Each structure stands twice: as structure tokens, then as C-alpha cells.
Amino acid sequence: MGAFALEHVDLDDPAIAVAVLSGELDLTNVGELVEELEDLTAGRALVLDLNRLLFIDSAALHALFRLARSRAGEGLAVVIEPGAPVAATLAIVDFRQAATVVESRDEAFSAFVRS
């Protein structure tokens, strides 16, 4: 059973929510994450930083894909550096096909400006 932490980064931009995930994300806690993200975003674009996430299982990956599909109107950008613990996992499942995947928050913010 894994545990995760969700940190909300407060920005001056009310149109974008930034969340930083750390710990482990799996079947036992992914429902809680989805609820927290829904509460946090409330119709805003979401920048989801996964650089501190240490583990992600298939149930959590499935939830991220559902999240990406459901946020098609509001926007989702996932921040993950190539050396991050779950970067290879996201690459294997080709998460870039579902959401914008970038290496920095600045790139994520730029992606929303271009949209």
C-alpha cells in the first residue's frame, strides 16, 4: 500500500492550478488523488508535476489517462524530467499521446499560452 502527497503551488494566475505529487501512486490511493485534483482545479488548466513521484502502478496510469481525456477542455500539462523515477514508465505507455508532457513548469505554462 503506497502513500502520496499532493502539494498545491499557489500562483498569481487564477486560470492555472499547479499540483506536485510525491510518494507512491497505486490502486489503493488513486481515487483519493482524483478527488483532490478535481477539488483543486475547478475548471482551471492543470499543471501536474510528477518529478517527485517514486512509483506508479497500472491502476494509477489508467486514472491519469482518464484524467487527460476528461480535461481535454480545460487542459493538462504533465511535468517530468527524463531522469525522474516514473519518467520511463510514462514513456513506455506513451502518455504524450494523451496529454502535453514537458520537462519544466515554464514549458507547461507556455503550452497553455499557445493553446
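Good morning. Residues are counted from 1 along each chain as its sequence is written, and side-chain values rest on heavy atoms, with hydrogens and water left out. As the model is predicted, local features need pLDDT of at least 70 and side-chain atom pairs count only at pLDDT 80 or more, whereas totals for chains, interfaces and linings use all residues.

Let me begin with the sheet. Helices (H or I, at least four residues) and strands (E, at least two) are DSSP runs, numbered from the N terminus. Five strands make an open sheet, in the order 1-2-3-4-5 and with mixed pairing; two strands pair if DSSP finds at least two bridges between them. At the edges stand strand 1 (4–9) and strand 5 (100–102), each of which pairs on one side only. On average, neighbouring strands of this sheet are turned by 25 degrees against each other, with direction ignored.

Strand 1 and strand 2 (residues 16–25) form a hairpin, and 6 residues lie between them. Their pairing is antiparallel, over 6 bridges. Alanine 5 is placed opposite serine 22 of strand 2, and histidine 8 is placed opposite alanine 19 of strand 2.

Now to the helices on the sheet. Helix 1 (residues 30–41) lies across strand 1, strand 2 and strand 3 (45–56), and runs at about 165 degrees to strand 2. Helix 2 also packs on the sheet: it touches strand 2, strand 3 and strand 4 (76–79), and its direction makes about 170 degrees with that of strand 3. Such axes are lines fitted to C-alpha atoms, for helices over the stretch in contact, and the angles run from 0 to 180 degrees between N-to-C directions. Contact itself means heavy atoms within 4.5 Å.

How do the two helices meet? Two packed helices are described by the angle between their axes and the distance between the axes. Here the angle is about 25 degrees and the axes of helix 1 and helix 2 are 10 Å apart. Helix 1 and helix 2 are therefore roughly parallel to each other, a term for angles under 35 degrees. In this contact, Val30, Val34 and Leu37 of helix 1 meet Ala59, Ala60, Ala63 and Leu67 of helix 2. The residues of the contact comprise 7 nonpolar, no polar and no charged; Ala, Val, Leu, Ile, Met, Phe, Trp, Tyr, Cys and Pro count as nonpolar, Asp, Glu, Lys and Arg as charged, and the others, Gly among them, as polar.

Next, some single residues. Is leucine 48 buried or exposed? Leucine 48, in strand 3, is buried because its relative accessibility is 0%. Buried means under 20% relative accessible area, exposed over 50%, and partly exposed in between (1.4 Å probe, protein chains only). Leaving aside neighbours within four places in sequence, the contacts of leucine 48 include Leu37, Leu64 and Leu67.

Arginine 69, by contrast, belongs to helix 2 (residues 58–70) and is exposed because its relative accessibility is 55%. Its C-alpha lies 7.0 Å from that of alanine 98, although 29 residues separate arginine 69 and alanine 98 in sequence.

Finally, please look at two loops. Alanine 42, in the loop between helix 1 and strand 3, has a positive phi of about 40 degrees although it is not a glycine. Aspartate 94, in the loop between helix 3 (87–92) and strand 5, is likewise not a glycine, yet has a positive phi of about 55 degrees. Alanine 42 is exposed at 63% relative accessible area, while aspartate 94 is partly exposed at 37% relative accessibility. Thank you.

Methods: Parallel < 35°, antiparallel > 145°, perpendicular 65-115°, else oblique.
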